[in-house]
Amino acid sequence: MSNIQNYINQAASSGKKQLAVLIDPDKVDDQNIASLIGKIKEAHVDLIFVGGSLMIHNNFEKTIHTLKKQLDCPVIIFPGHPMQISAKADAILLLSLISGRNADLLIGQHVHAAPLLRFSGLEIMPTGYILIDGDMPTTVSYISNTQPIPKDKPEIAACTAMAGEMLGLKNIYLEAGSGAKAAVPIPVIKAVKDQLSIPLIVGGGIKDAPTAKAIAEAGADIIVVGSAIEQDISLIQSLAEAIHSVAI
Ligand code: 1GP
């Protein structure tokens, strides 16, 4: 696919809601990836995100290679670290952690990654990454050394997203954290969506189809699910059906 950002912009502006399945390369192997790919095809999943806050196994390149070979949908890197760059993917979310005040994750690591990204030829998707309290400390808040925005302060999230768009970012990602107890609250999604004209990605702690549907109805354009699918891959079908049933 030649321009993933255009494809995402078009889907968002036509009201088409998309399911992104997040694949952590540490959690897949030669056995389970085949059934995962089968379910992804059957359910017509829209996007694949690949990445993780912390990777223990050396499985990143191989996972992307396998996914690209066997799937038609875009494979997008969702990097937990600047080491997670592979030219085999279609694109990469270049995340700036705009809810935090850790300069390294706002711009520092990007400086180191920029030449590698240029050489990789990957499509770059500049994305404002906003952590929202998910009712528990998550790997991303610990690793990033930042505090999430309180879940009962939608106005802080909305102003942060607005600033991100004004700075020229192309997507906003509201993140409760992988495996969060609670997904991003609906009032936060609505408040952010009201102020935004770029695509809105929402993930973290989404465990079932009704929650995914409510999040899409609240204004998310892309709904990201990882952990719940790792527990039960049959969820892919019901998540996709619920999300695709929402038309604005
Ligand atoms: C994490 O938003 C993603 O960065 C997905 O979260 O693993 O909780 O689905 P889950």
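## Ligand site, aromatic cluster and a surface patch

A polar backbone atom of Gly179 is 2.7 Å from an oxygen atom of the ligand. The model described here is predicted. On its own, the ligand has 300 Å² of accessible area, and the protein covers 96% of it. The ligand is surrounded by 13 residues, the closest being Glu175, Ser178, Gly179, Gly226 and Ser227.

The report now turns to the aromatic residues. The structure holds four aromatic pairs. Such a pair of rings is described by the distance of the centres and the angle of the planes.

| Pair | Distance of centres | Angle of planes | Arrangement |
|---|---|---|---|
| Phe78 and Tyr173 | 4.9 Å | 10° | stacked |
| Tyr129 and Tyr173 | 5.2 Å | 90° | edge-to-face |

The planes of Phe78 and Tyr173 stand at 10°, so this pair counts as stacked. Phe78 and Tyr173 come from distant parts of the chain, 95 residues apart. Phe78 is in the loop between β3 (75–77) and β4 (91–97), whereas Tyr173 belongs to strand β6 (residues 171–175). Both Phe78 and Tyr173 are buried.

For Tyr129 and Tyr173, the planes stand at 90°, so the pair is edge-to-face. This pair also links distant parts of the chain, with Tyr129 in strand β5 (residues 123–131) and Tyr173 in strand β6, 44 residues apart. Tyr129 is buried, as is Tyr173. Together with Phe49, the residues Phe78, Tyr129 and Tyr173 form one aromatic cluster.

Leu54, Ile56, Tyr142 and Ile143 make a nonpolar surface patch of about 510 Å². One of these residues, Ile143, is placed in helix α5 (residues 139–144). Ile143 has a relative accessible area of 42% and is therefore partly exposed; the residues of a patch have over 30% relative accessible area.

Technical notes
Residues are numbered from 1 along each chain as its sequence is written. This is a predicted model: local features need pLDDT of at least 70, side-chain atom pairs count only at pLDDT 80 or more; totals for chains, interfaces and linings use all residues. Side-chain values use heavy atoms; hydrogens and water are left out. Patches are made of residues with over 30% relative accessible area and no salt bridge: like charges are joined within 9 Å, nonpolar side chains (Val, Leu, Ile, Met, Phe, Trp, Tyr) within 5 Å. Accessible areas come from the Shrake-Rupley method with a 1.4 Å probe; for residues, only the protein chains shown count as cover. A salt bridge is a side-chain nitrogen of Lys or Arg within 4 Å of a carboxyl oxygen of Asp or Glu. Helices (H or I, at least four residues) and strands (E, at least two) are DSSP runs, numbered from the N terminus. Buried means under 20% relative accessible area, exposed over 50%, partly exposed in between (1.4 Å probe, protein chains only). Rings of Phe, Tyr and Trp (its six-membered ring) pair if their centres lie within 6.5 Å; planes under 30 degrees apart count as stacked, over 60 as edge-to-face and the rest as tilted. A residue is near a molecule or strand if one of its heavy atoms lies within 4 Å of it. A polar contact is a pair of N or O atoms within 3.5 Å; within protein, one must be able to donate a hydrogen and the other to accept it, and residues adjacent in sequence count only if both atoms are side-chain atoms.
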